[in-house]
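Hi everyone, thanks for coming.

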Amino acid sequence: MKFTLSWLKDHLETEASLDDILYALTDLGLEVEGVENPAGKLSEFTIGKVLKAEKHPDADKLKVCQVLTDEGETQIICGAPNAREGITVVIAKPGVYVPGIDTTIGVGKIRGIESFGMMCSEREMELSDEHDGIIELPSGEVGDKFTDWLAANQPSKVDPVIEIAITPNRPDALGVRGIARDLAARGVGSLRPVAQAQIEGSFPSPITVTIDEDTRENGCFVFAGRLIKGVTNGPSPEWLQDRLRAIGLRPISKLVDVTNFFTFDRNRPLHVFDAAKVNGNLRVHRAEEGQTLVGLDEKDYTFSAGQVVISDDTAVESIGGIMGGLETGCTEETTDVFLEAAVWDHIQIAYTGRALKINSDARYRNERGIDPAYNRQALDDATAMILELCGGEASEAVVAGDAPDVSRSYKLDAARVVSLVGMEISESEQRQTLTALGFKLDGNMAGVPSWRPDVQGEADLVEEVARVASLTKLEGKPLARTQPGVPKVILSPMQKRETTARRTAAALGYNECVTYSFIDQQAAALFGGGDDATMVANPISSEMSHMRPNLLPGLLRAAARNQARGFADMALFELGAAFHGGEPTEQHQQLAGILVGRTGPKDVHGTSRPVDLFDAKADAEALMAAMGAPAKVQILRGGEGWWHPGRHGRMCLGPKKVMGVFGEVHPKVLQALDVKGPVVAFTLYPEEIPMPRNTKAARSALHLRDLQAVERDFAFVVDAGVEALTLTNAAAGADKALIEDVRVFDEFIGGSLGEGKKSIAVTVRLQPTDKTLTDDEIEAVSAKIVQKVVKATGGELRG
């Protein structure tokens, strides 16, 4: 929404500066997007007077002028045909930037004679396209600023243009008067009264209007119009042309410019038909499939059934509330005009405008909402302006339909306003604010003005009071404690666990990702999803058609994007919800991470290596420990199909209690997602980790062993298919009270072992608790270990 400062002051009596007005607009919620201040770029130009002008000795079209400026007499070379002695001119001294030619003036020689400045034309100063000669001022004192002369004699040339952003819920601010009303309520000035014309009409209108029954409810509520005969169309007065040009509109003619003026001045779109080109009467109805119209933009439009149009007795003449037709458009030859003012259903306007791909000022306002109560008065006000500019005689008004009743009232609770806003605003100030905004107060009930469709409840009254009072005055205050002493814990145990997991993952060198909860069906199917239960009813794209069954697809997609941009080594993680159904309860938390590439950059020491599943296992175990998982868990096979069948493990507390999975991602999955592998990953389930039984803040007592531990090494020959985990679990079960740890430290395949055999060497750590172990006790435990391992694996102790 654009408007000029002088236009605003037609409705707002104020002495406030431009900066104060701009600040107030943004603070009121009408955010200022830009300001074009012509005076800013012309501030350094001054007024001078030509004392003498002589022909240049070496150029026929140049003159050597002696010019009086505020710095005394100076010499300027000028090629303008009207440069002569005695005229008052506009001077750009050396160092001044001239916007029209994008040049900073300097001292130079022209055909051997020095020139100390420039005498400017209007085009060089971007005041107009006039460039036949330099500016000749009819008045002005030498040394005065040119901007001061413009402000006093041609104020439109230096009138600042303000552009503000309008949110969809504030259609009233699409008119300059609505903006002025907000500023007056803030106290920036006072709202000027506006004249309301009363046009009775001297004869019946020969053109009548009707609205079809199927169009009254949700098409056109009311349609008013009148004939004005004997008008003289032509160029608009200069003030009106300047105003329209300033906001980016091209002046066309008096009749059209009046409708454009009301569109921006009062947020009141209007339309004028050339009455001589209207055949019969006007009818508002729904179009039939295939009907056509050439619009004022000279484009052909074909209508679908149900779109609202205006027709005469022979053809469609206008697109209701959006654009008129070229056939009945006004020209300079127009002498009789039919003026129309209507209230349209905003949903119907949006539907038709989008279907026809028309973006007009009328559509923009009608689909957001105009003041229905102003419709009849708008017809009279526009008629009065047309009669003033074009002359003529107005008929009686013809009206079809009724303006919708939008009257409503809501309770103003002064105490509730203070409670919600957080500022002490007196009841009298609240009532004064609402009254200034146009609300009608009856006791504690506030009647909403017809131009404010956004006010739909008591909360909106609070918002109006708050924004006018200015939320910048809010002072931060700590919340009062609900009870004395140390406050209770706010975060739940699961929330604390998630926070700890994030920090631990970051400490391990992972970068956190936040990916969409929606993925494409193909990716979802790779991870056990993609069915109808998790399908999104109205996806924004085909790549977001299903809820994610796992966090890994998003991380792998992120890895693919990074690889495409030359980043080969990555450590990414995400903590969020995954979905195994379409109901609100059918989701679960996951913590997933991936490692891609190498452990670090290559170096001379050879410490960099490709990541493997043991890196993922170590990180998964660190995260599990941080989240409070038991130290001893089972590592089992049997993971889902997106894991490499021989290079993964499930971290369990028993066969059915799975707390996480780690391993290498299946190559087929990587190929489908365009990821260059291998990739190792983990998926942990924080909700499956048992909560600690002891919820007290104090830690349990530290138990230190004062007896020396004993370590014994064993090597077993087993079948090649036997898992090392089976062997270590069997060894650890030989004496759970005494055996503290079992670790694999070597694996050997081939040699004298024979085909299908391998040797696994383990270290068993024995930690006594009450006395030092004797050799006999150590031998007894060793025998149990050998017995357990042989029984579990079918192997034998290596000799």
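Let me begin with a question: which element gives the most to the lining of the second largest pocket? Before I answer, a word on the basis. This is a predicted model, where local features need pLDDT of at least 70, side-chain atom pairs count only at pLDDT 80 or more, and totals for chains, interfaces and linings use all residues. Residues are numbered from 1 along each chain as its sequence is written, and side-chain values use heavy atoms, with hydrogens and water left out.

A pocket here is an open set of points on a 1 Å grid over the protein atoms alone, where a 1.4 Å probe fits, with protein on both sides within 12 Å along at least five of seven lines; lining residues have an atom within 4 Å of a point.

So, the answer: helix 8, with four residues. Helices are DSSP runs of H or I, at least four residues, and strands are runs of E, at least two, numbered from the N terminus. Altogether 35 residues line this second pocket, and Val-256, Asn-260, Leu-296, Met-323 and Gly-324 lie nearest its centre.

Now the largest pocket. Its lining has 42 residues, with Lys-617, Ile-635, Leu-725, Thr-728 and Asn-729 nearest the centre. Among the elements giving two or more residues are helix 18 (613–626) and helix 20 (724–732). Strand 40 gives the most here, with eight residues.
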